[in-house]
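Good morning, and thank you for coming. Please keep the sequence and the structure in view while I speak.

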Amino acid sequence: ISLGGYHYVGFWIDEATRYIFVRFLKTKSEVMSATESVIAEFNATVGTPKDPDTGVPGERPQFRELRSDHEGQLESHAFKAFKETPGKSFLNSMSPPNDHDLNGIAERTIGVVDEKATAAFLFAVGSNPNPPRGFWPWFVRNAVKWHNVTLNSSIGSSPADTQITPHQRLTRHVPSVMHIPTIGCRAVVLKAPPQQRKNNLSGR
């Protein structure tokens, strides 16, 4: 269990861009609401493609299909009604149970994020004999953010643009990495601008 009471983590991967959405859950009953949140975020974030020759904007993509495992909440009557909402309907298919080889992108994604989060955790705690394991959601979120804004072919990539990050493929904008420092690195806390004084850097 983490600080904040989270027991589970869910990953949603856009197959076309390999962009990862992540949500932390206190109970498995939150899977449906988390999926609804991810779909809304996808539709609000995805960029509009432009014709490479004319620059004319094309049709803005929308969420079309969800492929998942057999999570109970995603098989409920409530979720069936949600995915058939007029104007927001989408297809929903499920991978065969107990056959992870047929869900390779998701399985590899979980492995990549786990490796990055574990490496960041070990770097941050150093030789601490009692590391703060309750912070695991922050390490997972940091690993997901780094995946989205860096070149990464470990879980597949679009063959047409292998030198573009998942973030840029999804949003059509170059990502900024200034807000994603390594967990455990030194940081400086600045005073709010109204409290700063000119010619006095020590007060900042």
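One aromatic cluster is made up of Tyr19, Phe21, Phe42, Phe63, Phe79, Phe82 and Phe90. Rings of Phe, Tyr and Trp (its six-membered ring) count as a pair if their centres lie within 6.5 Å; planes under 30 degrees apart are called stacked, over 60 edge-to-face, and the rest tilted. Before I continue, please note that this is a predicted model, in which local features need pLDDT of at least 70 and side-chain atom pairs count only at pLDDT 80 or more, while totals for chains, interfaces and linings use all residues. Residues are numbered from 1 along each chain as its sequence is written, and side-chain values use heavy atoms, with hydrogens and water left out.

A search of the whole structure finds 11 aromatic pairs. One of them joins Phe79 and Phe90 edge-to-face, at 6.0 Å centre to centre and with 65 degrees between the planes. Phe79 belongs to helix α2 (residues 77-83) and Phe90 to the loop between α2 and β4 (91-94), so the pair ties together parts that are 11 residues apart in sequence. Helices (H or I, at least four residues) and strands (E, at least two) are DSSP runs, numbered from the N terminus. Phe82 and Phe90 also form an edge-to-face pair, with 5.9 Å centre to centre and 65 degrees between the planes.

Phe79 and Phe90 are both buried; for Phe90 the relative accessible area is 9%. Phe82 counts as partly exposed because its relative accessibility is 21%.

Let me turn to the interior. In soluble globular proteins, nonpolar side chains tend to be buried together. A nonpolar core is a set of buried Ala, Val, Leu, Ile, Met, Phe, Trp, Tyr and Cys residues joined through side-chain atoms within 4.5 Å. Which members of the largest core touch the most other members? They are Phe21 and Leu66, in a core of 17 residues. Two elements, β2 (20-25) and α1 (31-45), each give two or more residues to this core, and α1 gives the most, with six residues. A second, separate core has 12 residues, including Val22, Ala120, Phe139 and Val144.

Contact means heavy atoms within 4.5 Å. Leaving out residues up to four places away in sequence, Leu66 touches Trp12, Thr35, Leu74, Phe79, Phe90, Leu91, Asn92 and Ser93.

Apart from neighbours within four places in sequence, Ser2 is in contact with Gly134, Trp136 and Pro137.

Next, the charged residues. A salt bridge is a side-chain nitrogen of Lys or Arg within 4 Å of a carboxyl oxygen of Asp or Glu. How many salt bridges are there? By this rule the count is two. In one, the closest N and O atoms of Arg23 and Glu41 are 2.6 Å apart. This pair links distant parts of the chain, with Arg23 in strand β2 and Glu41 in helix α1, 18 residues apart. Arg23 counts as buried because its relative accessibility is 18%, whereas Glu41, at 27%, counts as partly exposed. Arg108 and Glu115 also meet in a salt bridge, at 3.9 Å from N to O. Arg108 is partly exposed at 36% relative accessibility, and Glu115 is partly exposed at 48%.

Helix α3 (residues 104-125) has 22 residues. The expected span of a helix is 1.5 Å times one less than its number of residues. For α3 this should give 32 Å, and its end C-alpha atoms are 32 Å apart, which agrees. Buried residues in α3 are Ala106, Thr109, Val112, Val113, Ala117, Ala120, Phe121 and Val125. Their cover includes β1, β2 and α4 (136-149). Just after α3, Gly126 takes a positive phi of about 60 degrees.

Finally, the overall arrangement. The protein has five helices and four strands, and from the N terminus on its elements run β-β-α-β-α-β-α-α-α. Of its 204 residues, 31% count as buried. Among contacts with a separation of 6 or more, 53% are between residues 24 or more positions apart.

How values were computed. Buried means under 20% relative accessible area, exposed over 50%, partly exposed in between (1.4 Å probe, protein chains only).
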